[in-house]
Amino acid sequence: MKITSIETWSHKMKLKNPYTIAYETINSTVNVFTKITTNTGIVGFGCAAPDMEVTGETEETVLDVSKNIIEPLLKGADPLRYAYQLQKIDDPLKKHPSAKAMIDMALFDILGKKADLPIYKLLGGFKEKIKTSVTIGILPVKETVKEAKKLINDGFSILKIKGGKDVDEDIERMKKVRQAVGNKIQLRFDANQGYTVYESLKFVEETRTVKIELLEQPTSKQEPELLGKVTNNVPILVMADESLMNLMDAFKLARKDLVDTVNVKLMKVGGIDEALKINSVAKAANLEVMVGCMDESALGIAAGLHFALARQNVAYADLDGHFDLIDDPADGAVILKNGTLYTNNKPGLGFNL
Ligand code: MG
């Protein structure tokens, strides 16, 4: 099999509900899509969700590296030798993880379509579905509670609540949400690096009765040791998100025992192949993995879902980036029923644009 063309284009999608996190407010998102055509008629699709703050990329940089780095290296190449092809683009795309994820996705899509299997089965198919959390951005306490009730009504049973700007308000927010949703709902909290160690410990101590399942990235990614100080002093799970950008980060976090769990997003680590390697490092260190996402098309969410379903160790999913998109060209690539995600069981990533 040979790659005959690689087309790449960007697509802007509005959000139904703009949201705020510790450092910004977001009301639309741009994904870059790729279509890799082969001489057999099999076509693979992928997408990138560049984000300056998280992946260090923009729409323009993804389009640029696609044309000037990826195309020259992969045109004419055999897409089924995905490990080799990904190795060729690994070094030049070191600072372009979502662009790499986009190509990784398209290569896996081709492999799955050739094998006539959904990717999660091709990779082991440990499970067939996973519950996802759904995120509530930073809102005033009252609105957070209102949104939480609405989401429970929609069938979700895991809420991930954002904070990190004001620890006292966050504590109140979590208490009020717990009162409103009852004890059967799982609550996760993401501080997006907004706390000091002191604030992290205070947050955990004062929300003890709320029974929060996990605390995501409480402290700055600049100082990974701070995560360790929180992890070693609280009874709940502490998760690294911004502190885990690649395989080496996973090894460092694991070796120094700095966290209990890690958030693996395909867009920041560079795709499914890299996520599987990170998952193995995490498993070796007895760390569970959550698959996370950016604001990305259902195509990207499908890739994250196939990764999560393939492996036992991916215990948590936060794959909600597509729920709120208007004009998602890959709508239908994953199936949501009562807060649980399923693939559509079609070959590859399950979608043709
Ligand atoms: Mg996070």
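Lys337 stands opposite Thr340 in strand S15, a strand being a DSSP run of E of at least two residues and a helix a run of H or I of at least four, both numbered from the N terminus. The model described here is predicted, so that local features need pLDDT of at least 70 and side-chain atom pairs count only at pLDDT 80 or more, whereas totals for chains, interfaces and linings use all residues. Residues are numbered from 1 along each chain as its sequence is written, and side-chain values use heavy atoms, with hydrogens and water left out.

The pair Lys337 and Thr340 belongs to the antiparallel contact of strand S14 (residues 334-337) with S15, which is made by four bridges; two strands are taken to pair if DSSP finds at least two bridges between them. S14 and S15 form a hairpin with two residues between them, and Asn338 in the turn has a positive phi of about 50°. On S15 (residues 340-343) there is also antiparallel pairing with strand S4 (residues 130-131), over two bridges, and here Ile130 faces Leu341 of S15. Together these strands form an open sheet of three, in the order S4-S15-S14, with antiparallel pairing. S4 and S14 are at its edges and have a single partner strand each, so one side of each is left without a neighbour in the sheet. Helix H12 (residues 298-310) packs on this sheet and touches S4, S14 and S15, its direction making about 95° with that of S15; contact means heavy atoms within 4.5 Å, and angles, which run from 0 to 180 degrees, are taken between the N-to-C directions of axes fitted to C-alpha atoms, for helices over the stretch in contact.

A second open sheet consists of eight strands with parallel pairing, in the order S5-S6-S7-S8-S9-S10-S11-S12. Its edge strands are S5 (134-136) and S12 (314-317), each of which pairs on one side only. With direction ignored, neighbouring strands of this sheet are turned by 30° against each other on average. Within the sheet, strand S6 (residues 158-162) and strand S7 (residues 186-190) pair in the parallel sense over five bridges, and Lys160 stands opposite Arg188 in S7. Helix H11 (residues 272-284) lies across strand S10 (261-265), strand S11 (288-292) and S12, and runs at about 175° to S10.

Most residues other than glycine have a negative phi.

When neighbours within four places in sequence are left aside, His96 is in contact with Glu57, Thr61 and Val65.

A search of the whole structure finds zero disulfides, a disulfide being a pair of cysteine sulfur atoms within 2.5 Å. The cysteine sulfur closest to that of Cys47 is in Cys293, 11 Å away, which is too far for a bond. Cys47 is buried, with a relative accessible area of 0%, and Cys293 is likewise buried, at 11%.

Taken as a whole, the chain has 12 helices and 15 strands. Its radius of gyration is 20 Å, close to the 20 Å that the globule rule gives for 353 residues, so the chain is as compact as a globular protein of that length; the radius is taken over C-alpha atoms, and the rule is 2.2 Å times the number of residues to the power 0.38. Along the principal axes, the C-alpha atoms fill a box of roughly 60 × 40 × 35 Å. Buried residues make up 56% of the 353 residues, and among contacts between residues at least 6 apart in sequence, 73% join residues at least 24 apart.

Methods:
Buried means under 20% relative accessible area, exposed over 50%, partly exposed in between (1.4 Å probe, protein chains only).
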